[in-house]
Amino acid sequence: MSEAETEGVVDEELKLAGFYVGAGLYGIEIMRIKEVIQARSLTVRPVPFAPAIVEGVIQLRGVVIPVVDLRRRFDSPIDPAIEHLNKLIIVSVAGRIAGLKVDRVLGELRVAVSSLRPAPSMLRPDAERGVENVFSGVSRIKRDRAEAAEMVFVINLDVLLRTSGGK
């Protein structure tokens, strides 16, 4: 491709909502998010026989929403020092609504599609059983010139919530 041809090519960006679970930086497609709310302001009711990562359900404006604790899903220790910072990211997946409990929300992250790499297959929680990867990709991102680049794992919500059994 000549220089003139590449001048008109703009690298497509993926807009993600960035958040931390433990020390890990994760992102989900921003268009899948309905809203972000403070977790501590809502009472989470436990549900018998729910998968281990489902903390329970909340009622938000008359709608009962399951709460998936991503700290449990990613086997990240729950730090009591930041428990008050917990946020719920309310997402829409396959016509259903779910709340993802995370430690801290960063806001919008922009990742060049060309920089996105497939997540290693060994990162699948059940790789030996052929379960799809909960990460659709991984990329290095630099949010600030002064900071070092961080690795962001892009979550495939459809797979995450479909395979939310586990521990």
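Two strands are taken as paired if DSSP finds at least two bridges between them.

## Model and confidence

The model is predicted: local features need pLDDT of at least 70 and side-chain atom pairs count only at pLDDT 80 or more, whereas totals for chains, interfaces and linings use all residues. Residues are numbered from 1 along each chain as its sequence is written, and side-chain values use heavy atoms, with hydrogens and water left out.

The pLDDT, which is the predictor's confidence in each residue on a scale from 0 to 100, averages 81 over the chain, and 80% of the residues score at least 70. Helices (H or I, at least four residues) and strands (E, at least two) are DSSP runs, numbered from the N terminus.

## Sheet architecture

An open sheet of 5 strands runs in the order β8-β1-β2-β10-β9, with mixed pairing. Strands β8 and β9 are its edges, each pairing on one side only. From one strand to the next, the twist averages 35 degrees, with axes fitted as lines to C-alpha atoms (for helices over the stretch in contact) and angles running from 0 to 180 degrees between N-to-C directions.

Strand β1 pairs in the antiparallel sense with β2 over 6 bridges, and Val-21 has Gly-24 of β2 as its bridge partner. These two strands form a hairpin with 2 residues between them, and Gly-22 in the turn has a positive phi of about 60 degrees. Strand β1 is also antiparallel to β8 (residues 104-112), over 8 bridges; there, Leu-16 is bridged to Leu-109 of β8. By contrast, β2 and β10 pair in the parallel sense over 3 bridges, where the bridge partner of Leu-25 is Val-152 in β10.

## Aromatic pairs

The structure contains 6 aromatic pairs. Rings of Phe, Tyr and Trp (its six-membered ring) pair if their centres lie within 6.5 Å; planes under 30 degrees apart count as stacked, over 60 as edge-to-face and the rest as tilted. The pair of Tyr-26 and Phe-153 is tilted, because the ring centres are 6.1 Å apart and the planes lie at 40 degrees. Tyr-26 belongs to strand β2 (residues 24-29) and Phe-153 to strand β10 (residues 150-155), so this pair ties together parts that are 127 residues apart in sequence. Tyr-26 is buried at 11% relative accessibility, while Phe-153, at 22%, is partly exposed; buried means under 20% relative accessible area, exposed over 50% and partly exposed in between (1.4 Å probe, protein chains only).

The rings of Phe-74 and Phe-135 are also tilted, since their centres are 5.7 Å apart and their planes at 35 degrees. This pair links distant parts of the chain, 61 residues apart: Phe-74 lies in the loop between α2 (70-73) and β6 (87-93), and Phe-135 in strand β9 (residues 135-141). Phe-74 is buried at 17% relative accessible area, and Phe-135 is buried at 11% relative accessibility. Phe-19, Tyr-26, Phe-74, Phe-135 and Phe-153 form one aromatic cluster.

## Nonpolar core

A nonpolar core is a set of buried Ala, Val, Leu, Ile, Met, Phe, Trp, Tyr and Cys residues joined through side-chain atoms within 4.5 Å. The largest one has 24 residues, of which Phe-19, Ile-28, Leu-70, Val-91, Leu-100, Ile-155 and Leu-160 touch the most other members. At least two core residues come from each of β1 (13-21), β2, β6, β7 (96-102) and α3 (157-162), and α3 supplies the largest share, 4 residues.

Not counting residues up to four places away in sequence, Leu-70 touches Phe-19, Val-21, Leu-100, Lys-101, Val-102, Ile-155 and Leu-160.

Terms used
Contact = heavy atoms within 4.5 Å.
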